[in-house]
Amino acid sequence: MKSILAAILLLASIPLLQSQAGEGTIAGEVVLTGQPPPPAPPTPVKPADARVCGAQASDESVVVSGSGDLKNVIVYVENPPAGAAAAPARVKLTNRNCRFQPRVQTASVGSTLVVGNDDNILHNTHGYLEGGATFFNLGLPFQGVEVSRPLARPGMVTFKCDAGHTWMRGFLLVLDHRFHAVSDAAGLFRIPAVPPGGYRLKAWHEKLGTRDAPVTVKAGEDAKVRIDFKVR
C-alpha cells in the first residue's frame, strides 16, 4: 500500500517539476556609469517632529554605491508572454522614521496594498495615480495603524505625505503580469519563473529616467543582463 501511495505522489509531482524545469530566471545588475547627479540640499525638519524624523532630511532619490551599484530601479518585462498570469500579493508601504519604506516597489494587479505607520507621529499618506488624480488620501494619526487598499489596475502610484513631511516620496508600479523586480543595494535583481524566449526589459528610475535592454531566457538557466544608466 505504501509503495502504491509513493508511486501516485511521484506521478502527481511530475508536471510540476517539468513546469519548473521549463522556465528560467532573469538575473541582472543595474549600474550607474559617470558622476551621480548632486543631491538636493537637506530639508529642515520642524522641531516638533525632529524627535522622530531627525533634524533634517537628506535627498534619497539616487542611492548608488562607490562602485556604481544603483538601488531602487524598477525592472520589468515589457513584452510578457501571452497568457502569463499576474501574481497578486499583500504588499506593504510603511511610514518609518519619516520615510516611506520601501521607497520603491512593484506589485501585480489584484494585490492588496497595506499602508501603515510605525512612527509615534501623525502621517498622512497621499497616493496619486498617473496624471495626478488622487488614488487615496489616508490620515494615519498614531503608531500601529494600518489601512488596506486594492490595486485593481496597472500604472504608477506616487506617494507623498501631507502632514508637513515634504521630503517623503514613494513609488509603486502595478503591472498586469508577474515579471518585475526592484534592484537592491548591490544593484541586483531577479525575475524568476520566466518562460523561454526573447524579451525586452524596461528599467525605470525616479530621477534618471528609463533604459531598455534585451534578454533571452533559456529553460533552467539564469539569463544574465546588465543595465547601465550612463550619466554625463
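A disulfide is a pair of cysteine sulfur atoms within 2.5 Å. The model is predicted, with local features requiring pLDDT of at least 70 and side-chain atom pairs pLDDT 80 or more, while totals for chains, interfaces and linings use all residues. Residues are numbered from 1 along each chain as its sequence is written, and side-chain values use heavy atoms, with hydrogens and water left out.

Q: Why is the link of Cys-53 and Cys-98 called a disulfide?
A: The sulfur atoms of Cys-53 and Cys-98 are 1.9 Å apart, and the definition asks for a pair within 2.5 Å. The pair therefore qualifies as a disulfide, and the count by this rule is one. The link is left-handed, with -55° about the S-S bond.

Q: What parts does the pair of Cys-53 and Cys-98 tie together?
A: Helices (H or I, at least four residues) and strands (E, at least two) are DSSP runs, numbered from the N terminus. Cys-53 belongs to helix α2 (residues 50–53), and Cys-98 to the loop between β5 (90–96) and β6 (99–101), so the pair joins parts that are 45 residues apart in sequence.

Q: What makes Cys-53 and Cys-98 count as buried?
A: Buried means under 20% relative accessible area, exposed over 50%, and partly exposed in between (1.4 Å probe, protein chains only). Cys-53 has 6% relative accessibility and Cys-98 has 0%, so both are buried by this definition.

Q: Why is Cys-161 in no disulfide?
A: For Cys-161, the nearest cysteine sulfur is that of Cys-98, 7.7 Å away. Cys-161 is buried, with a relative accessible area of 6%.

Q: How do you know that β4 and β16 pair?
A: Two strands pair if DSSP finds at least two bridges between them. Val-75 stands opposite Ala-203 in β16.

Q: What makes β16 and β17 a pair?
A: Strand β17 (residues 209–217) and β16 share nine bridges in the antiparallel sense, and the rule asks for at least two, so they pair. Gly-198 has Thr-216 in β17 as its bridge partner. The two strands, β16 and β17, form a hairpin with three residues between them.

Q: Why are β15 and β18 called edge strands?
A: The open sheet has three strands in the order β15-β1-β18, with mixed pairing. Strands β15 (188–194) and β18 (222–230) are its edge strands, as each pairs on one side only.
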